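Subject: Structure for you to look at

Hello,

Here is the structure I promised you. Please open it first, then read my notes beside it.

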Amino acid sequence: MTTAPAPRRLGELATLVGGELLGDPETLIHGLNGLEEAGPGDVSFYGNTRYRRQFEATRASAVLVSGELPARAGLALVRVSNPHLAYARLLKAFYPTARPAPGVRPGAWVHPEATVHPEATVMHGASVEAGARVGARTVLYPGAYVGEQAQVGDDCVLYPNVTVRERCIIGSRVILHASCVVGADGFGFAFNPEGEDGPEHYKIPQVGIVRVEDDVEVGACTCIDRATIGETVVGRGTKLDNLVQIAHNVRVGPLALICAQAGVSGSAEVGTGVVLAGQVGVVGHIRVGDLAKVGAQSGVAHDVPDGEVYSGSPAVPHKEWLRASAALGQMADLLKEMRALRRRVETLEKEMGE
Amino acid sequence: MTTAPAPRRLGELATLVGGELLGDPETLIHGLNGLEEAGPGDVSFYGNTRYRRQFEATRASAVLVSGELPARAGLALVRVSNPHLAYARLLKAFYPTARPAPGVRPGAWVHPEATVHPEATVMHGASVEAGARVGARTVLYPGAYVGEQAQVGDDCVLYPNVTVRERCIIGSRVILHASCVVGADGFGFAFNPEGEDGPEHYKIPQVGIVRVEDDVEVGACTCIDRATIGETVVGRGTKLDNLVQIAHNVRVGPLALICAQAGVSGSAEVGTGVVLAGQVGVVGHIRVGDLAKVGAQSGVAHDVPDGEVYSGSPAVPHKEWLRASAALGQMADLLKEMRALRRRVETLEKEMGE
Amino acid sequence: MTTAPAPRRLGELATLVGGELLGDPETLIHGLNGLEEAGPGDVSFYGNTRYRRQFEATRASAVLVSGELPARAGLALVRVSNPHLAYARLLKAFYPTARPAPGVRPGAWVHPEATVHPEATVMHGASVEAGARVGARTVLYPGAYVGEQAQVGDDCVLYPNVTVRERCIIGSRVILHASCVVGADGFGFAFNPEGEDGPEHYKIPQVGIVRVEDDVEVGACTCIDRATIGETVVGRGTKLDNLVQIAHNVRVGPLALICAQAGVSGSAEVGTGVVLAGQVGVVGHIRVGDLAKVGAQSGVAHDVPDGEVYSGSPAVPHKEWLRASAALGQMADLLKEMRALRRRVETLEKEMGE
């Protein structure tokens, strides 16, 4: 949480990311930044030829690159196989996160029948209910709630005001961002025209759980509903952005990326490595195949085959969508054209009739 | 909250739902599940001919059905008028929810001028402010907040980190899921080009309240804004999914169903029994008529008549939308066709000219 | 928080808003309301000719108007330059908000190394961490969390269960509604095909902050992510509605209005005075120009020039979108027309061939 990291030698940093250094290893590096924002003393990265111009103009002292870029006067290069990844590793090295001291703080509530690892941290205002377990080095911030018989693994972070409802299972190295909700009731009702007080939506008890596997990150105010029966599953290494809705009995991942404000309806499957862009909706009971990608704001109403890219509402293969979008822009012209053609046909018809 | 419910005799269960049993009443039932997931010892339900194949293949011991389905060797049937509803009732019977012991727990904050029913439960970290009332058997989980002069009826559940702001009124048998917010200020500003420090959006005080009627369920991270003046109303038996936005002075329900991530803008009316699918948007000051249905991701910009089904953005009658969607897919062909026709007309014109 | 404000003389109210009164200054005014809802003793406002009919029919005792409207028997008029703004001022005068008594309440958690102004209020269950600062007259409701070294200015309100993460900076006169989250990690990962346990999305540390400038309002369950490096900025006087997503390194405002459930992706810029309607999405790394407006549910995929109005997904200039939308409705007719025209051409061709 320090704002000013200690400076390091460029040679040390190149070694840290396993890169080949073209430049002075003694150069003192003070921080990291994007190509445009970086200045002298900064390391940046260049991983996409789209940013060639920014690369040419950068004032950084060193840039992480892949491939055979020529060195430039006054700019050191560090050749690595994956500049973006190397940049992430350097950020981690520069800004090490200090874990809060372990222990149950005054003002925390831990039920006598709960099991909290002695190396875990439970802050004031956090709750661990009866039968719940909290693993080693896991941190519960104020307002975090772990319900009865819920389990949270090792090395997790539950930020302020996170809710993990009863019996849900959280793996290890999971990050739950502030105000996310794991295990609220799924949205299930049976219409009963003859309830005691008239027609009603009779609540279908949601007796299943949510299972969040290892290395998952759940965004702020994201909601993952518990299964009606059985499990809603967020698979290993999946990352959910903020304000995402995962309905009951959904299975997502492993390694999926779901961007902000996207929603997945009940019992849908979102496969391995799938990317859902922002504000996408997926209807219930369908499957988005492994490694498929869905464009922003799309509405997926049918199965998406493995590896395909879909867009639009309703979503179709991306190429079709591009064609339809282009055509839509030509609609007004088409109408005009049609009217002109009709007049020409009328003229011909008159001439023929004469 | 038990995971393994006690087994029961099939005959007893058939009686419980008022069904006609075709099979052995002594069959021991251990649980419930969907047609595909169910195994021996399970009861399932079959309420929609779309799932005929799953019904034929189920390994369940018994299935709740309607109508005159023939019995099958090794599969008991329980005939009821509404299999889905009967299934919900059995789930409730199998998984009875244990209400936490009543009382104000240590670490809870109840203002001396608040009124909490002796049978209510207020957990550690929950707050009830001055002049607020909490009814019988209502449960406030940690982090739940009931503001000044707010009222919560009987048999409600306020899950962790729920906020009910000052003066709002919650009926009885209402479920407020984790991190939902009832009574935040509506989004109202008057542009003032000549504020003290330059132009400003001058805040319009939001002095009204939210009234949530009996038997409503509000999803996790759902927001219901207080009225500018008067009341925002969520009518009896309405169910709101997660991440829904209900703006100031809206009236919804009774008995409406609003799916995840849908939003209703200021002063709109959403009538009795309306269904808004996921990610729908409704603009302000319009009316969605009783029993209308709006398809996923639709944008409702004008009144929807009672009983109609609308789709699209902007939303139109569903049939029109289907036709337009189909036509959109044909656009590329239409353009081609148009060009071909133009060439034929040109040929004719030349021939006529000769 | 009183429900029945004290009555006031109309003359006094006219003076308060600097208006010209046409009517009896002794008239006793009991409250305010919309034209349709108002009754005798109420003041209303008429600022848009769309509501002419409601103005003609109102039962209010007085109406705030602009321009040269003729007075009417039994209806006093108060002429002002901006009736909506004057109405807001009267609402504020009628319903003064009582600030809770200052002080750190029992059950609040303030770190010994935090700085809380003696005139600030920190309620039970709120937290202020090490190195954090809370300004004068600022109110922290239960469950509000101010992280390490975060700063909150003067005259702010942090409603229940608000999270302000470490090092974020909140200006003065800022309102953070319940369960909003300022400073959660941005959504940034580098794909690493060769992680220790197989492929992984390697987390890019998000070491920047969020800066919320003066006079900003942030809606309930709205999320503003911290920058990867540097700052995510919400500029002075900007108002964010509920359930809005502001991604890392975004710059919004000053004076922008972002309606409910809209989302702005990473590193995008949303300029001065921009209005994004509900459920709009803005992709990353683009710019929405000053004073631009974007229609509900639009998807902004490219820069929007200053002052333009855009709509649609993908968003185009509003006029183009209107034309395309209209054309889409005519698609089915167009197809029919095309077939008819083709037949006529065929007939002509036959006749020519004869």
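This is a predicted model: local features need pLDDT of at least 70, side-chain atom pairs count only at pLDDT 80 or more; totals for chains, interfaces and linings use all residues.

Strands here are DSSP runs of E, at least two residues in length, and they are numbered from the N terminus.

Start with some background. Most residues other than glycine have a negative phi, and most peptide bonds are trans. Now look at the exceptions.

B:Arg173 is not a glycine, yet its phi is positive, near 60°. Is B:Arg173 buried or exposed? B:Arg173 has 20 C-beta neighbours inside 10 Å, so this residue counts as buried. The cut-off for buried is 20 or more.

B:Ser179 also has a positive phi, near 60°, and is a residue other than glycine. Find B:Ser179 in the loop between β20 and β21 of chain B. B:Ser179 counts as buried because 35 C-beta neighbours lie inside 10 Å.

Next, the cis peptide bonds. One runs from B:Gly253 to B:Pro254, with omega near 5°. B:Pro254 sits in the loop between β30 (251-252) and β31 (257-258) of chain B. Another runs from C:Ser313 to C:Pro314, with omega near 0°. Look for C:Pro314 in the loop between β39 (309-311) and β40 (316-317) of chain C.

**A hairpin in chain A**

Turn to chain A. Strand β22 (residues 189-195) and strand β23 (residues 198-203) of chain A pair in the antiparallel sense, over five bridges. How many residues lie between β22(A) and β23(A) in their hairpin? There are two. A:Gly195 is opposite A:Gly198 in β23(A).

**A covered helix**

Stay in chain A for helix α3 (residues 83-94).

α3(A) is mostly covered, with ten of its twelve residues buried. Among them are A:Pro83, A:His84, A:Tyr87, A:Arg89 and A:Phe94. What covers the buried residues of α3(A)? From chain A, the cover includes α1 (10-16), β4 (31-32), β5 (42-46) and β6 (62-65). Chain C contributes too, with β22 (189-195) and β23 (198-203).

**Where chains meet**

Two packed helices are described by the angle between their axes and the distance between the axes. On one side are A:Met331, A:Ala332 and A:Leu335; they meet C:Arg323, C:Ala324, C:Ala327 and C:Leu328.

Finally, chains B and C. Here 55 residues of chain B are in contact with 54 residues of chain C. On the chain B side, β21 (181-184), β22 (189-195), β23 (198-203), β26 (223-225) and α4 (318-353) each supply at least two residues. Which element gives the largest share of that side? It is α4(B), with 13 residues. By class, the side of chain B that touches chain C has 27 nonpolar, 18 polar and ten charged residues.

Best wishes

Definitions and conventions:
Residues are numbered from 1 along each chain as its sequence is written. Chains are lettered from A and ligands numbered from 1 in the order in which they are written. Two residues are in contact if their C-beta atoms, placed from the backbone, lie within 7 Å. Helices (H or I, at least four residues) and strands (E, at least two) are DSSP runs, numbered from the N terminus. Ala, Val, Leu, Ile, Met, Phe, Trp, Tyr, Cys and Pro count as nonpolar, Asp, Glu, Lys and Arg as charged, and the others, Gly among them, as polar. Two strands pair if DSSP finds at least two bridges between them.
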